[in-house]
Amino acid sequence: MIDFSILPVYLTAVIALLLIPGPDMLLIASSSLSYGKKVGVFASFGNATSGLILTLLAALGVSALIAMNPLALEVLRLLGGAYLLKMGWDCMRTQPADAPDVAQSSGLAMTLYRRAVISNLLNPKALIFFVLFLPQFVSPQIGASSGEQMLVLGLLLNVLGLLFNLFLVTMVGSLGKPLLKNEKFRTNQHRFMGLIFFVLAIWLLASQVPTP
């Protein structure tokens with residue numbers, strides 16, 4: 001269900017996109033730095049989950065319908081910004097005494113998983129990316145429908161993205177390990193993540209959403 005003649009070009013484009021810093025990379029890296037590898041891994045899987053949902057929506061044509069509605073895109077942008085601001089505020093007002101123990105961070109890991117899923121789904125740029133990017137590599141030379149090809153291309157994109165993010169978690173988590181043993185950093189790690197969510201909110205609210 002994919003034209004192998006265009007696969008090298010597609011893989012090159014995907015790798016180039018993965019290397020460009022963006023909000024997903026910032027969230028995953030900061031989660032790993034602040035709370036350790038386990039939380040970073042869950043944030044990576046949250047990002048992959050949202051990517052799979054967006055891939056399915058793109059393959060079914062739902063994303064294109066939403067993307068062609070400026071009001072829907074604006075509502076998504078505002079909801080996404082408001083959600084990120086709320087996450088930032090929740091982190092900022094968390095007491096320093098509530099700093100998690102890395103060995104007992106399952107609850108926090110699931111929280112970051114959900115936040116990664118929701119923040120990506122509420123980002124209209126992520127939706128438009130799938131609408132604009134995947135169809136470029138749909139080939140009329142094979143028997144598979146455009147929806148089937150977009151599904152396979154999206155799955156490949158998400159697998160490569162997940163592998164890249166897990167590598168990023170390993171690198172950043174290793175670098176941040178000494179910080180997690182620093183008492184001063186541990187008392188401020190929630191505030192650091194709160195700042196990251198505020199930055200992501202401003203990033204989203206201040207950006208213009210392209211129209212397909």
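## The largest pocket

Lining the largest pocket are 33 residues, of which Pro23, Asp24, Asn120, Ala126 and Phe129 lie nearest its centre; on a 1 Å grid over the protein atoms alone, a pocket is an open set of points with protein on both sides within 12 Å along at least five of seven lines, and lining residues have an atom within 4 Å of a point. This is a predicted model, in which local features need pLDDT of at least 70 and side-chain atom pairs count only at pLDDT 80 or more, while totals for chains, interfaces and linings use all residues. Residues are numbered from 1 along each chain as its sequence is written, and side-chain values use heavy atoms, with hydrogens and water left out.

The largest pocket holds about 910 Å³ of space, a volume being the space filled by probe spheres set on grid points that are joined across faces, edges and corners. Helix 1, helix 2, helix 3, helix 6, helix 7, helix 8 and helix 9 each supply at least two residues of its lining, where helices are DSSP runs (H or I, at least four residues) numbered from the N terminus. By class, the lining of this pocket comprises 21 nonpolar, ten polar and two charged residues; Ala, Val, Leu, Ile, Met, Phe, Trp, Tyr, Cys and Pro count as nonpolar, Asp, Glu, Lys and Arg as charged, and the others, Gly among them, as polar.

## The enclosed cavity

Rolling a probe the size of a water molecule over the atoms shows where empty space is left. The count comes to one cavity of 30 Å³ or more, a cavity being a set of grid points where a 1.4 Å probe fits but cannot get out. About 40 Å³ of space lies in the largest cavity, and its lining is formed by Asp24, Leu27, Ile28, Ala43, Asn47, Ala116 and Ser119. Helix 2, helix 3 and helix 6 are the elements that give two or more residues to this lining, with helix 2 providing the largest share, three residues. The lining of the largest cavity divides into four nonpolar, two polar and one charged residue.

## Nonpolar cores

In soluble globular proteins, nonpolar side chains tend to be buried together. A nonpolar core is here a set of buried Ala, Val, Leu, Ile, Met, Phe, Trp, Tyr and Cys residues joined through side-chain atoms within 4.5 Å; buried means under 20% relative accessible area, exposed over 50%, and partly exposed in between (1.4 Å probe, protein chains only). The largest such core has 38 residues, among which Tyr10, Leu27, Leu112, Leu127, Leu134, Met193 and Phe197 touch the most other members. At least two residues of this core come from each of helix 1 (7-19), helix 2 (23-35), helix 3 (37-60), helix 5 (70-92), helix 6 (106-121), helix 7 (124-133), helix 8 (146-180) and helix 9. A second, separate core of seven residues includes Met25, Ala29, Leu168 and Val172.

Leu27, which also lines the largest cavity, is in contact (heavy atoms within 4.5 Å) with Leu112, Ala116, Ser119, Met193, Phe197 and Leu200, once its neighbours within four places in sequence are left aside.

The buried residues are Pro124, Ala126, Leu127, Ile128, Phe130, Val131 and Phe133.

His190 lies in helix 9 (residues 183-206) and counts as buried because its relative accessibility is 11%. The side chain of His190 makes a polar contact with the side chain of Tyr35 at 2.9 Å; a polar contact is a pair of N or O atoms within 3.5 Å, where within protein one must be able to donate a hydrogen and the other to accept it, and residues adjacent in sequence count only if both atoms are side-chain atoms. Ala201 is also placed in helix 9 and is buried, with a relative accessible area of 0%. Leaving aside neighbours within four places in sequence, Ala201 is in contact with Gly81, Leu84 and Leu85.

Met92 is found in helix 5 and is partly exposed, at a relative accessible area of 27%. Beyond its neighbours within four places in sequence, Met92 is in contact with Arg191, Gly194, Leu195 and Phe198. Met92 and Met193 are 101 residues apart in sequence and 8.1 Å apart in space, C-alpha to C-alpha.
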